[in-house]
Amino acid sequence: MNITRATINNNRTALVLIIVLIIAGLQAYQNLPRAYDPGFVIRVAKVITHFPGASPERVEQLITDKLEKVIQEIPELDFVKSTSRTGVSIITVSIQESYTNMRPVWDNLRRKIENAAKDLPDGVIGPEVNDEFGDVFGIVVTLTGPEFSYAELKDIADQARDEFLRVPEVAKVEIYGAQEERIFIEYNNARLSELGLSPSQLMQMLESRNIVVPGGAITLDMERIELEPSGNFESVDDIRHTIVAIPGSKNVVYLEDIATIKRGYVDPASSKVHSSGQLALGLGLSMREGGNNIRMGEQVREVLNYLNQTYPIGIDFNVLNFSPKEVEDKVNDFVSNLIQAVLVVAAVMLVALGPRTGLIVASLIPMSMISAMLVMSFFNIGLDQISLAALIIALGMLVDNGIVMAESIMVQMNSGKKPVEAAIDSAGELRIPLLTSSLTTAAAFLPIYLAESAVGEFTASLFMVVTITLLCSWLLSMTLIPLLCVQFLKTRQENTDYNRGFYQKYRELLTWVLQHRIISLAATAVLFAVVMGGFKYVPKIFFPPSDRLYFKSELELPLGTAIERTETIVEALEAFIKEELQVNADHTDRTEEGVTSWISHIGNGGPRFVLQHSPEPASPNYAMMVVNTTSSEIIDEMIDKLDRYAFDNFPDLQITSRRIESGVSITNPVEIRLYGKETDQLFSLVEQLKAEMSQISGLKNISDDWGQRIKKLKVVINQSRALRVGATSQDIAVSLQSGLSGLELTQYREGEDAIPVLLRSVEADRQDIDKLETLSVFIQSTGESVTLKQVADIEVAWEPAQILRRDGLKTVSVGAQLIPGMTASEGFAKLQPWLDEQSAQWPAGYRYELGGEAESSGKANQSIGEKLPMAAFIILILLVAQFNSLRKPAIILATIPLGMIGVIIGLLTAQSFFGFMTLLGIISLAGIVINNAIVLLERIKYEIDDNGLSSQEAIIVAAQRRLRPILLTTATTVLGMIPLYLGGGEMWEPMAVAIIAGLLFSTILTLGMVPVLYSLFYRIKF
């Protein structure tokens, strides 16, 4: 079936289908999901196990090692990392990037962990598998109320969460910074010892008093009545009035007579949240899968308006992170860039081809875009900066189909053919060449789609969107363009004179080049070699930082630091931000630049507010601040000021401030991992590495991830002395726990909440280390008590704060941040020679690996490189099938590398960098070069076979006839890239530069070198 003939013969039907296509495409555009980034699967889970009181070495031996061994049995495993700290084991499980369906993997992980848990020692809490580590909470709202207690704020937060969960686009709502309530029974050591009461006796009394047990039922005639005995605590006063029997006497007292009962919160707190300096609770909202970010934003704003009107003055809901606004701005920016590019290309068409032909070709642009968006909706491809950039990339290439088709029809009509005949013949002649050129261009992007890496997944929609757009363009070029040409093109009496003006100049130049082929090729080779030599001067940045309007600062104090100390430092930094960096709160001065608001997560890494942020596990020495600014341009200045203040005032604080990443999250751009068995030997190598890195200018904040050693007090039980007084190890452990941390006696139920009741000594005893030796140890067998000093000795010991392993080996990661102007590749290049030299002298079993950006870019490039042969094979098969020749594909493939001449010159001239997006620009450039070369070679064949020209004349005439379409394609692509270059941000600038500069040079090479190579391959002499 000839679709061109069918379209022309059934023009009314075709018109209706086009109208339907426009309506459906516009509707699809409205409904397409919106997102800032396309995202990728998080293939990471955490296994967290608590072993209270155990040292890092015991946690490593008894918990981490056992769990690691069963985790390593998972066939999909990439690597496993572990952190063993005092009382907790955190194991990070990373799955190979070739797997996308994670549910079966995590189910298998859970089964293995459950089986291994049976072999863990008594007293272990967990292990718990967190496989929802990848949930993104794109909206973060804080709840503040200075006059309200944490419990009251928590009640309001729970009600707000229920409201947000009713929003159709919201999948999950998490509350951060909530403080768990406790009922504290605080006793004085001396008083309890005087009465002969032990914590175990109090626990038994309270448990027997606080019961919820059914009392049975009684039957009266035809009715059965249930009996419910009282007994459970109904209020805190019930706990206070619990009757306590004094051992050895008939006397009884109320619990409040021998202890202080009060309601409070977990002390010390596990985590806290500050909202622009105020104590707050945070609510993180995640979007349902496939949801529309912008629509979710509208629905959430409605709920926020309702909440602000519902709750009293003093309760404030503040939006600290709002991804729908980011998404809307980013999509609008790219749509604006796309519209500008379309208008520029359309203007070029009108000027170069005239009003009629220009409008016909220009109509292909919106129709292809609309059709592409309709097809995108079928494949669940949303609008984000990757897919929209792909539309801009495809813009220049899709126009080429329309230009070639319209010009061919026009030429044939001018030669005397009827419009319908000219349209059908032109479509027949160009159908396969244009399809081949579209498919080869799409195949060039195929390795990105097939790459088994997070970066490949992140940019996979490029291949999909470019392929869809080019195929839609090809289909419309076979139908819409011929139909419009038949309807509106008029035959012109005069033909283009290729022997005058610019065409004649080009003919003379091309003839000279063909007559001096060896000189031309040698000059090109020399130019290529010289320019490639300049590639080393192009900075290498895998992914530039994002241009989002906020940055994050991670604060890390020595392990063992109390959360109160961490909060104090955060408060000092917040005060500095408020006084020195924050803009006027009412924003009356719109020209003022600075910080607008911020959120501080103290004790943990907060929610994954963007996909690139990987939250740190809970630790009292850690805090993370997300700081919002008025513009992206001032972020570096804000970071510099905040870091300098922290450095000058808190020497023990490690602060890492950086912009949000664009691609995969990287903690340290320059990072080296050292592996070994013995800790001391490993740290000897670490110190040498740190010393060398400190000598490299451009690296800052050099640190390792183990931290400093910490001290602890070891209670060494003297078993002989303990035996003489009848004290067991359990007696001593229970007495220590109740005296210091608190011993849970029972639970107080209030509504649906169960609040633990803790027994602990008064604060004066808990905080005074001098009173530790006089702590009462209650002997359960006799009811008597002795001091701790009578049965145990207290020693001070130093130990590693944490033990980190990777795949079972102890691992130390030494990382560094970069000063502005320094790239990670430059840092690694300076460090690599020293590493190679020193590692050769290291003991057996000790080695290093590159981490940071080198590892991330290496994985991405390797994953793409592994798929390049497949793409090359597809392109080769398409070209061989198109020409039924091996020499013509060789000519085309030989010209592709020459485009690098323009790319490198452009990057150096624009002072840009080479990264992953630059690589995409080169791939796009290769597709355009292939496209131009195919049509040029097809035209040479047509001139020889159909027009009967000699080989020499056919080469020159074909080049002249393809001159305008190739130049138009170049002009439309280059001009279409300018909006992306100007408005796409740092991420897209190098790609636009690569396409613009590379295409300008490759066009010259295509018009010159393809004819030269053709004449050489086919032995045609001039």
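**Close-up 1. Pro127 lies in strand 4, residues 125-130.** In this predicted model, a cis peptide bond joins Gly126 to Pro127. The omega angle of this bond is about 0°. Most peptide bonds, by contrast, are trans.

**Close-up 2. An open sheet is built from 4 strands in the order 12-7-24-23.** The pairing within this sheet is mixed. Strand 12 (259-265) and strand 23 (743-750) stand at the edges with a single partner strand each, so one side of each has no neighbour in the sheet. On average, neighbouring strands of the sheet are turned by 25° against each other, direction ignored. Strand 7 (residues 181-187) pairs with strand 24 (residues 753-761) in the parallel sense, over 5 bridges. Ile183 stands opposite Val757 of strand 24.

**Close-up 3. Leu15, Ile19 and Ile23 form a nonpolar patch on the surface.** Together these residues have about 290 Å² of accessible area. Ile19 belongs to helix 2 (residues 11-31). With a relative accessible area of 44%, Ile19 is partly exposed.

**Close-up 4. Asn884 has a positive phi although it is not a glycine.** The angle is about 50°. Most residues other than glycine have a negative phi. Asn884 sits in the loop between helix 28 (852-883) and helix 29 (887-895). Its relative accessible area is 72%, and Asn884 is therefore exposed, the cut-off being over 50%.

**Close-up 5. Gln911 also has a positive phi without being a glycine.** Here phi is about 55°. The loop that holds Gln911 runs between helix 30 (899-909) and helix 31 (916-945). Gln911 counts as exposed, at 72% relative accessibility.

Terms used
Residues are numbered from 1 along each chain as its sequence is written. This is a predicted model: local features need pLDDT of at least 70, side-chain atom pairs count only at pLDDT 80 or more; totals for chains, interfaces and linings use all residues. Side-chain values use heavy atoms; hydrogens and water are left out. Two strands pair if DSSP finds at least two bridges between them. Helices (H or I, at least four residues) and strands (E, at least two) are DSSP runs, numbered from the N terminus. Axes are lines fitted to C-alpha atoms, for helices over the stretch in contact, and angles run from 0 to 180 degrees between N-to-C directions. Patches are made of residues with over 30% relative accessible area and no salt bridge: like charges are joined within 9 Å, nonpolar side chains (Val, Leu, Ile, Met, Phe, Trp, Tyr) within 5 Å. Accessible areas come from the Shrake-Rupley method with a 1.4 Å probe; for residues, only the protein chains shown count as cover. A salt bridge is a side-chain nitrogen of Lys or Arg within 4 Å of a carboxyl oxygen of Asp or Glu. Buried means under 20% relative accessible area, exposed over 50%, partly exposed in between (1.4 Å probe, protein chains only).
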